[in-house]
Every structure is written in C-alpha cells, then in structure tokens.
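Reader: Hi! Could you take me through one part of this model closely, starting with what is buried and what covers it, and then moving on to the aromatic rings?

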Amino acid sequence: MIETTSFYHEKLYKALSNRKHIDTPQLISVTTRVDSVDSLGFFQAGKVYQGERVYWTSADTMFTLVGVGSAYTFEAEQNRFYSTRQMWNDVLAEAVIDNPYKIPGTGPVALGGFSFDPLKEENGTWRDFPNSKVSIPMYLLTEWKEETYLTINLMIHPHDNEDELFGHVTEEYQKLLAGTSTYDEDVMVTNQEEVRPDEFKEIVSKATDHIKSNRLGKVVLAREMIVSFSDDRKASSVIRQLREEQTQSYIFAIESGDSCFVGATPERLVKVEDNELLSTCLAGTVPRGNTPKEDEALGQALIRDEKNLQEHDFVVQMIKKAVTGCCENVHVPDSPVLYPLRNLQHLYTPVSGKLKEGVSLLEVVEKLHPTPALGGYPREDSLQFIRDNEPFHRGWYASPVGWFDSYQNGEFAVAIRSALLKKDQAILFSGCGVVEDSDPDEEYKETAVKFLPMIHALGGRE
C-alpha cells in the first residue's frame, strides 16, 4: 500500500507550507509510489464522483491513467486550444508540486478532450460535453510499466479548514486504493437500431458528386447506431470488455454530467515524450479474414488498392506538413504497412520528429485536428460538407482525447470506435472516407464493420 498515511499527510502539509500566496486559490500536487492497484477498482470506488472520472490506457498497455474527481477543470468555447493552454500555464505558474519521480503522467496532469467541430449546432445528444473540457483529477492513479503512482491534486482556497480537508482526502484515497472491480453482467441488450442507413448512402452519393465536380478531394462521413439496455450500463464493464478484446487500441472513458464517452481507438493523433514527437497515419480499411490465408489475401489487396492508397496518402501528406511546422528531423517512411486489429486491418504510416523549442503539445493537436482521415480534404470544404449534410451532431466522436502533464509529455488519440453512454442507452458512431470512386453500399458495409468493437463490448449482435 501507500508508504504510510502519516507520511503522505506530512507531504501534503509540507506542500501547503510552501504556498506562494495565502490569499488566492492555489494548486497543491503530491505524488508517491504505491503498490499495484486494481485500476478498474479504483475507477469504480470513485463513483461518488460520477461525472468526474476518466480512464485511459495506451495502445501498448504499459501505461494507464485513472482520474477521480476534479481539482480544476478548464473549459473554453473560443480559441479552445490556445485558451486551454493559457489556463493550464496560469495554474501551473502558482502550483506547489512535490513529485520526486517525474514519470510521464504523474504530478499535475490534465485529461479530457475537444469536440470534433465547435461550429456544428448541438442537438441535445452531447449536452453534457462542452466544446472543450480537460480536468486535473483530485486523485490520479498512474501505471507506468511495472510501477504504480498516486497523485493527489488539491485546489486550496484561503478559507479552507486544512485539518478537515486532509482528513477527508486521507479517507477517500485509502478507499480508492482498496477498490475492487465488479461488473453489471445482468444488464442485457433490449434493442439495436441503425439510424437512417439509406440516408447515409444518399449522402455518400452526394459526396462523390461533389468530388467529381472538383468541389472536394475527400470527405469522411459517419453514421449512428442506438443500443438500448435493460438497465443502466456501467462504464467500468464496457472498459473491461474493451481491454480484453481490443488489446492494440487506446481504451478511454471520459465522464461528464450524466454521460460517459467510451471507446477503443487504434488511432494515435500525436504523442510527445522527452520532446520526441510521434504521429500516426491510419487510413484505409478492410476486415480480418476467417482463415490465415483469407486474412493475408485481404491485407495484400488493401496494400495494393488504389482507392485506399489514395485515401491514406491524403492523411500522410497533411500530417507531414503539420508536423514539419512543429518539429525538426521529421521522418516519414516511403510506403505504408499493414496494421492488424481484432476486427479490422488498416494501412499505417508513422511520422516522427523532434519538437521545436517553445512548441506545446496542444499546438500540435490544433494543427492536426481534424486530419483527412477524420474530416477530409481540403479541410474547410470537407468540414462544411459535413456540417451541411450529416443529420446528427458528432460531438466528441472523431475528436482529440487524451492527456498532458507539467513536464511537456502527453498523448492524444482520435476518438473513433466509440460510443456515448447515457444511462440505459448507448449511441455508437462509425465513419468512412469517401473519394471519387466510392460506392455507397461498400462504404455502408465498411461502417458496419467499424461498429463491431463497440457492439461486442456492449453485448450486442453483429
């Protein structure tokens, strides 16, 4: 367990004594190493903070973050990335931080995300999720390789009763560390409905007409599915299923209000660690085969398919351009390789470089979002087509979700293969890239395959 309760209490008091100001709110952040903890149990034990919990596991499964409660939340409607960066810097400038480890994802860490398109009119589905929201958790569990760390972040106000506050915090973090996972196995799927599939095909056909008339190069279109349950579906059960089934994906769950946005995405947007940047071009998709021979044939057909290669290259060129503006020593392989997942295989090209001095992770996210893999090309024309023609609001679907810390480390993934949990209902999202020779029926089939990770995790039918 934790080193000792009194030791942690002493660290908090020491941090408090180092406060720069006593007349204004100030962040105090204290980190210590702990024994191995059930991360999903930690998440579940924080149910008193439902609506303020975050779960994140990186694709290599060697890194997990679980946030419970909110010490401070940043929301911005205008200039979202810049405003968030400024508010974050303002909080850090006055913070007292006790973190001898300086492991990525420890100390003050902000977790959350941004909506896909802040200019799209909201229809009520995403009312719990503003256009940007990132929070510094009160209690942050970090699993890094073989080690586990607990960070307590407190926003101390001038008139707080410190003894009462620390007594409360001590009781809470001990309960969180002792939490064990349980699951709502008795919750059953009662209905599964595709939303306006014929209208989706009509929009695909309209998009190909625009592309043929040179009004677009590519546009990414999405559709919805609604799954209903016999009772409220708990995020922790969905996370557990995704962790078991989607071992090569980022698993995320972000609560806000009465909703939880959860998913298993294979697509990294950008990662920065020790100023080394890595971005991912993931576009072009076929299913996995039922046999090794069929699987290989499908993969080889994908890697030679002109439509998918063209779609992939749109993404590569845009990401290369954006990264070149932020980095030195940019490297891009000459051709893509196959990236197999449980249900799908994709074309994959990594882009790497060294971040230029003074450039922040959020600046890179702003330049990259949305990539042609999620919006289209040219960016503004494709976004306008989506605003005008998609009959639903994407909200945080296909958006950047992730984390960043006070040491300039962080990672954002693209929130695809995802669902919005709303008590006894889940709204699933799936999209596809449309180019000149796209066939509406084939694009519909592709989106059907992309629904499968979330359908499996929710207990639905194929």
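Author: Happy to! A residue is called buried when its relative accessible area is under 20%, exposed when that area is over 50%, and partly exposed in between (1.4 Å probe, protein chains only). The model is predicted, so local features need pLDDT of at least 70 and side-chain atom pairs count only at pLDDT 80 or more, while totals for chains, interfaces and linings use all residues. Residues are numbered from 1 along each chain as its sequence is written, and side-chain values use heavy atoms, with hydrogens and water left out.

Apart from neighbours within four places in sequence, Asn-409 is in contact (heavy atoms within 4.5 Å) with Pro-104, Val-272, Glu-273, Asp-274, Trp-403 and Phe-404.

Now for the rings. The whole structure holds 20 aromatic pairs, where rings of Phe, Tyr and Trp (its six-membered ring) pair if their centres lie within 6.5 Å, with planes under 30 degrees apart stacked, over 60 edge-to-face and the rest tilted. One of them joins Phe-63 and Trp-144 edge-to-face, at 5.9 Å centre to centre and 85° between the planes. This pair bridges 81 residues of the chain, from Phe-63 in strand β3 (residues 63-68) to Trp-144 in strand β8 (residues 139-144). Phe-63 is buried at 5% relative accessible area, and Trp-144 is buried at 17%.

Phe-114 and Phe-412 form a tilted pair, with 6.4 Å between centres and 40° between planes. Here Phe-114 of strand β6 (residues 109-114) is linked to Phe-412 of strand β21, 298 residues apart. Phe-114 has 0% relative accessibility and so counts as buried; Phe-412, also at 0%, is buried as well. Elsewhere, ring pairs connect Trp-126, Phe-129, Phe-252, Phe-261, Phe-392, Trp-396, Tyr-397 and Phe-429 into a cluster.

Conventions. Helices (H or I, at least four residues) and strands (E, at least two) are DSSP runs, numbered from the N terminus.
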